[in-house]
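Okay, thanks for having me, everyone. Let me put the structure up and we'll walk through it together.

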Amino acid sequence: MRSLVILISGRGSNLQALLEANLPVDKITVISNNPQAEGLAIARQYHVDTLVINHRDYPDRESFDTALAEKIDACQPKLVALAGFMRILSDAFVAHYTERLINVHPSLLPAFTGLNTHARALQEGIKIHGCTVHFVTSQLDHGPIVIQAAVPILADDNEETLAARVLQQEHRIYPQAIRWFMQGQLELTGNLVKVHQANTRDIALHSPGLQE
Ligand code: GRF
């Protein structure tokens, strides 16, 4: 069974993009560490199973991660997707899901790891920004890159306009990456991901929104 577990903490727009994408999976379970996450309501709208594991109920990161892994493993997932999951995961957790834990990050990695990527991109004066889907390793926001999309930074951009332009592309590349994974098209060798049977222009999208 191709089971997908999606971990969220908040808004859930990437979750919604995944739920709308009609992915080749048999079951989706959404788990949130935040009982107030708006994404939980989105998941319910799509009649997807939801679970809350509140990190505040656990004394430390390890015990939370252990409880989370227990719930995830009960779903026997082929893939675990982080979709705005705002918790740093312990090395043991990451190791347990080697090559089956994936994330979407709002920058063209390896630039701008961490938080506030859009504000930092604007501050640096770079002209091209974007987003990345990558496999998760113990190094925060590093790990083998599956797909990226680049967008221009326009002269009158502010954090919100830039975030919106990038987010639109996150919603496009994340379902694509997960579809490839589920269809067995991704081959991981060390830090490199090869995408089989895909058009090269689908792997690196350049200003895709503006071309259409
Ligand atoms: C996205 O920008 C994603 O790249 C980052 O967290 C944000 C989550 O947004 N990891 P949403 O909850 O998917 O709307």
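Predicted model: local features only at pLDDT ≥ 70, side-chain atom pairs only at ≥ 80, totals over all residues.

Residues are numbered from 1 along each chain as its sequence is written, and side-chain values use heavy atoms, with hydrogens and water left out.

So, the domains. The assignment gives domain 1 as 1-97 and domain 2 as 103-212; those bounds come from an automatic or database domain assignment. Their centres, taken over C-alpha atoms, are 21 Å apart.

How much area do domain 1 and domain 2 bury between them? About 1,700 Å², and 73% of it is on carbon and sulfur atoms. Buried area here is the accessible area, with a 1.4 Å probe, that two parts lose on being put together, summed over both. On the domain 1 side, Asn 14, Leu 79 and Leu 82 lose the most, together 29% of what that side buries.

In contacts, meaning heavy atoms within 4.5 Å, 21 residues of domain 1 meet 16 of domain 2. Across that interface the rule finds four residue pairs in polar contact, both residues at pLDDT 80 or more. A polar contact is a pair of N or O atoms within 3.5 Å; within protein, one must be able to donate a hydrogen and the other to accept it, and residues adjacent in sequence count only if both atoms are side-chain atoms.

Which elements of domain 1 supply at least two residues each to the side touching domain 2? Strand S1 (3-8), helix H1 (13-20), strand S4 (79-82) and helix H4 (91-96). H1 gives the most, with four residues. Helices (H or I, at least four residues) and strands (E, at least two) are DSSP runs, numbered from the N terminus.

Now over to Pro 144, in the loop between strands S6 (128-135) and S7 (145-152). Pro 144 counts as buried because its relative accessibility is 6%; buried means under 20% relative accessible area, with a 1.4 Å probe and protein chains only. Not counting residues up to four places away in sequence, Pro 144 touches several residues, including Phe 135, Leu 188 and Val 193.

Last stop: Gln 185, in the loop between helix H6 (159-182) and strand S8 (186-189). At 8% relative accessibility, Gln 185 is buried too. Its side chain makes a polar contact with the side chain of Gln 183, at 2.6 Å, and a polar atom of the Gln 185 side chain lies 3.2 Å from the backbone oxygen of Gln 197.

Terms used:
Buried < 20%, exposed > 50% of the residue type's maximum accessible area, 1.4 Å probe, protein only.
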